[in-house]
Amino acid sequence: MQNLETFEIWFLTGSQHLYGKEALDRVASDSRQIVESLGHKLPLKIVFKDVLTTPEEIKRTCLDANSTPVCAGVMLWMHTFSPAKMWMGGLSVLSKPMLHFHTQFNRELPWATIDMDFMNLNQSAHGDREAGFLHTRMRLNRKVVVGHWSDPEAQDRIAAWMRTARAWADWQGAKFARFGDNMRDVAVTEGDKDSAELRFGFSVDGYGVGDLVKHVEAIEESAVTKLCAEYEEVYLVSEVLRKGASRHQSLQDGARIELGIRSFLQDGGFKGFTDTFEDLTGLHQLPGLAVQRLMADGYGFGAEGDWKSCVLLRAMKVIAVDLKGGTSFMEDYTYDYDFANGKGLELGAHMLEVCPSIAAAKPSLEIHPLAIGGKEDPVRLVFNAPAGEVAAACIIDLGNRFRLVVRELDVIEPPHALPRLPVARAVWENRPDLKTACAAWIYAGGAHHTSFSYAVKTEHLEDLAEIAGIEMALIDGETRLRSFQQQLRNDEIYYHLAPGLTHL
């Protein structure tokens, strides 16, 4: 995974001096045992912090978390009863994602021996409610996970939040490059990049294609030859593209573009990029193979200048880095209205740029004409996406706020061969059905570009929206249009009135 730091989560335990040193020693010991146990089961390292018993300790710890780059978030647990007013100062300045873990040390009650000493020590059912009131009173964005710390379901929910907190941390200070502008006259790929940087923490800056061409032209011939040889080892390369064949120069041009983009991104420390077929001056072909391979390495990408798809794809790549299943840029393309299956089908693809991490089998490296862009025929990887459950999402800019639109899909194997479609593609059923899902997507203002993942689930995206403080509209098997439309209307009021949730 390119440019991904190693992050950790801080475990903060709340208590107070009322219980005495012996009890506080036990609280610390219990917390350390929980942290040690969870550390073997969760994707990010958990760091135990001293039991917090005073407002000064709490605020200092929260400020330390803010100023520690590797700290991706904090987990809070009130082992005993920690008066919530002690937490006001610290939580008011905390800028890192927060998870409230409502657990207790013991799994079962010791019915025969339970006494008031046990009750005073093990009262998270009491202490976490006190904490929860304050979090609600302060309007804090957070995730609440309930369950014993040995419970696999609770661990899975914590793990989902950790992966999303890692993606949020990866966004902070991240740089994304935009080669040229967006596709002319397209609305949904536009947006307020200043507001996005204030809200999400990343920056998107424009560069002329000439800046990229300098890197492309500086690539040595030996590096191009080496990369072309790698292509032949990794993919099913068309005969006309192989060394010595009639179109091998096109493969070399594609390799040179890939190496040039890599050089540009690495030199600038970028985590993703966009391009547009309307601005290719100095390039022999629209980057296809290059984009596909860069996405496979974890870079974000958006076609036609779509920077919101680019940054969301990067976040979803980071969430999915240690999960099974690929993640790709995708575009809604065309429908099959034959409702023999009761749902209808949708075919997704793009001109060239679909990530091979979602390939069902070894991709074929091919060359075909492209009717737009006015350049030479581009090389690209062609494959089908496998059957499986997918979450597809986009971020849109509504002027006064950002909305994350998410839908759940069931990808199927293409029911028929596609011998004349020379691009990577996926065929899916929408939940709950084509008509409802598409109408809901359009009511929500969803884009035609999405970030499309077999690994990232709805819970991850809910966590991302919660951390970012933005609206999320979910389209799934339970969606009903009337209630969905009403929720959009309700959100319009809520996000207009709620302080701190609109564009900053």
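Mentor: The account below takes the salt bridges, then the cysteines, then the backbone.

This is a predicted model, in which local features need pLDDT of at least 70, side-chain atom pairs count only at pLDDT 80 or more, and totals for chains, interfaces and linings use all residues. Residues are numbered from 1 along each chain as its sequence is written, and side-chain values use heavy atoms, with hydrogens and water left out.

A salt bridge is taken here as a side-chain nitrogen of Lys or Arg within 4 Å of a carboxyl oxygen of Asp or Glu. Under that rule, the count is 27 salt bridges. One of them joins Lys 143 to Asp 463, with 2.8 Å between the closest N and O atoms. Lys 143 belongs to strand β5 (residues 143-146) and Asp 463 to helix α14 (residues 458-468), so this pair ties together parts that are 320 residues apart in sequence. Helices (H or I, at least four residues) and strands (E, at least two) are DSSP runs, numbered from the N terminus. Both Lys 143 and Asp 463 are buried. For accessibility, buried means under 20% relative accessible area, exposed means over 50%, and partly exposed lies in between (1.4 Å probe, protein chains only).

A further salt bridge brings together the side chains of Arg 256 and Glu 221, at 2.7 Å from N to O. This pair also links distant parts of the chain, 35 residues apart: Arg 256 is in helix α10 (residues 248-268) and Glu 221 is in helix α9 (residues 221-234). Arg 256 has a relative accessible area of 18%, so this residue is classed as buried, whereas Glu 221, at 43%, is classed as partly exposed.

Within helix α10, Arg 262 and Glu 258 lie four residues apart, about one turn of the helix. Their side chains form a salt bridge of 3.0 Å, N to O. Arg 262 is buried, with a relative accessible area of 12%, and Glu 258 is buried as well, at 1%. Both residues take part in a network of salt bridges that links Glu 230, Glu 258, Arg 262, Arg 293 and Asp 297.

We turn now to the cysteines. A disulfide is a pair of cysteine sulfur atoms within 2.5 Å, and by this rule the count is zero. Cys 71 is in no disulfide, the nearest cysteine sulfur being that of Cys 62, 9.6 Å away. Cys 71 has 1% relative accessibility and is therefore counted as buried. For Cys 228, the closest cysteine sulfur is in Cys 355, and because the two sulfurs are 20 Å apart, they are too far for a bond. Cys 228 is buried too, with a relative accessible area of 3%.

The backbone comes last. Most residues other than glycine have a negative phi, and most peptide bonds are trans. Arg 431 and Pro 432, however, are joined by a cis peptide bond, with omega about -5 degrees. Pro 432 sits in the loop between β17 (425-430) and α13 (434-444). Asn 3 has a positive phi, near 55 degrees, though not a glycine. Asn 3 is placed in the segment before β1 (8-14) and is partly exposed, with a relative accessible area of 33%. Arg 139, likewise not a glycine, has a positive phi of about 55 degrees. Arg 139 is in the loop between α5 (124-137) and β5, and at 63% relative accessibility Arg 139 is exposed.
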